[in-house]
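Here is a short briefing to read alongside the sequence and the model. Take a moment to look around before you start.

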Amino acid sequence: MIRIADLSMALGYTGADLRRAAAKKLRLAPEQLKSLALVKRSVDARRKSDVKFIVTVDVQVAGSEDKLLARLRDSRVRPAPDRSYKMPKAGALPLCPVVVGFGPAGMFAGLLLARARLRQIVVERGGAVEDRQNAVQRFWQDRALDSECNVQFGEGGAGTFSDGKLNTGTKDERIFFVLQTLAEHGAPEEILFEAKPHIGTDRLPQTVRAIREEIRRLGGEVRFNTKMEDLLVRDGAVRGVVLACGGVRETLETRHVVLAIGHSARDTFEMLCAKACIPMEPKPFSVGARIEHRAEAIDRAQYGAFAGHPQLGAADYKLNVHLENGRGVYTFCMCPGGSVVGAASEAGGVVTNGMSAFARDGENSNAALLVGVSPEDFGAEGPLAGVAFQRAIERAAFEAGGGDYSAPCQRVGDFLERRRTAGFGAVRPTYQPGVAPGDLRAVLPGFVCDSMAQGILEMGKKLRGFDDPDALLTAPETRSSSPVRILRGENRECPTVRGLFPCGEGAGYAGGITSAAVDGLRCAEEILRRSADFSPHPDR
């Protein structure tokens, strides 16, 4: 196959148009292309008068590809790389590995172990995705929080109730395998070629359920509503886990644990921290609020006269500024045509997040507006100082919202003028279960608010209308990433506890669905390599 990069295509291009453009690039007739596959497609909106797609394709041609490449000598035409995933050889283990957590990291670790026919047990403290959807809806509609099954805990992890965004800064050959696997299990096929792929909150549940079913079909065990209450360590190695389900405790012997607990498993962090043998440290993360605009305003700012074109959908953005005070302010997890939702996992705390359906056809668009914070900002020492910092903000928001899980919400104009919001303008809040107009300075630290205010003004210079006085800030956004890092070595194993593999976002080694899934694969690969040493059949 030959890869052709950077083909410029009109928004309404057809398959025949793309074939002609690829053939022209190779100086061939269209009929000389034996096959053509879309590899990547992105929107080029740098010129608002000429918004277009930039497309990369893989083609197979009649005749010698080597001779054709030698004749062209074009840096944008080269041999297509092999994107197939090569699984390590597997053997056997004397005891089943245990995967703790069934978000993206735990899910892909469990799937890889299952496909290698290495039986494993996956435990997830929250419910199966269908039960979890019911629990989340009860919270959003009736404000009844289930602290074990919510937006943070349950099958699929926190990303299940988000935009299902799959773009990542991670450069790893496993990424395409992750995307392929998701598509094979019901995710839209567009994720295989869109430059900014997403699945959508409405499509994610069926995908994670299908992966769970494959794991079980291959002999793996997946247990929901099952919490790891203790990790058993002896002589510097994992010896087992203590599980709790429905008031019943069980001790499970194992020598390998993939710790994929997610960024909100604070009680598990506390349990691990109490074990002096497991090295942990506070990690920088970010806090702020969700900023919400009318989707049509963002579309016009990004696409000009092409706003509303059926091939474009709702526009996104990604902004960042570095302030004179040394702080970084940036947008994160932008949800075009989406809504802001309650994402609490502890009683007495308010947490916000954003989500979009696959169609991204909601009235508003939102993103996290975040300020970086470091351990020096936490006001305390110890591995869990960042957790305490998060919790204090979330509890302040609960009080400011009236104590019923309403989120404090402020117009941008009022926020910039340091004025309490009494009512809303052109942008109406979407947050479920409800908002309380107020002042975010009663919730977020002063340095965070000051940095956000400066950031909004600077970002307004980059994206027209970002600083619209009627835009809304709904707070707080505190769970952008884990406040803790559980240390591990190059082999992804805890350096002081053999057989323990801190994994994914909760352990501090990923930031989103795709990077967490990749980290889960890496940890599972290490277990597979070790299993080969135990195998009575080394040629398997």
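How many bridges join strand 13 to strand 21? There are 4, and strand 13 (residues 285-294) and strand 21 (residues 472-477) run antiparallel. Strands here are DSSP runs of E with at least two residues, helices are runs of H or I with at least four, and both are numbered from the N terminus.

This is a predicted model, in which local features need pLDDT of at least 70 and side-chain atom pairs count only at pLDDT 80 or more, while totals for chains, interfaces and linings use all residues. Residues are numbered from 1 along each chain as its sequence is written, and side-chain values use heavy atoms, leaving out hydrogens and water.

- An open sheet is formed by 7 strands in the order 14-15-18-13-21-19-20, with mixed pairing; two strands pair if DSSP finds at least two bridges between them.
- Strand 14 (320-322) and strand 20 (435-437) are at the edges with a single partner strand each, so one side of each has no neighbour in the sheet.
- Within strand 21, Leu 472 is the bridge partner of Glu 292.

**Helix 1**
- Leu 18, Ala 22, Ala 23 and Leu 26 are the buried residues of helix 1, where buried means under 20% relative accessible area (1.4 Å probe, protein chains only).
- Down the axis of helix 1, these buried residues fall within an arc of 130 degrees, so they line one face; the arc is that of the directions from the helix axis to the C-beta atoms.
- Just after helix 1, Arg 27 has a positive phi of about 60 degrees.

Conventions
Buried < 20%, exposed > 50% of the residue type's maximum accessible area, 1.4 Å probe, protein only.
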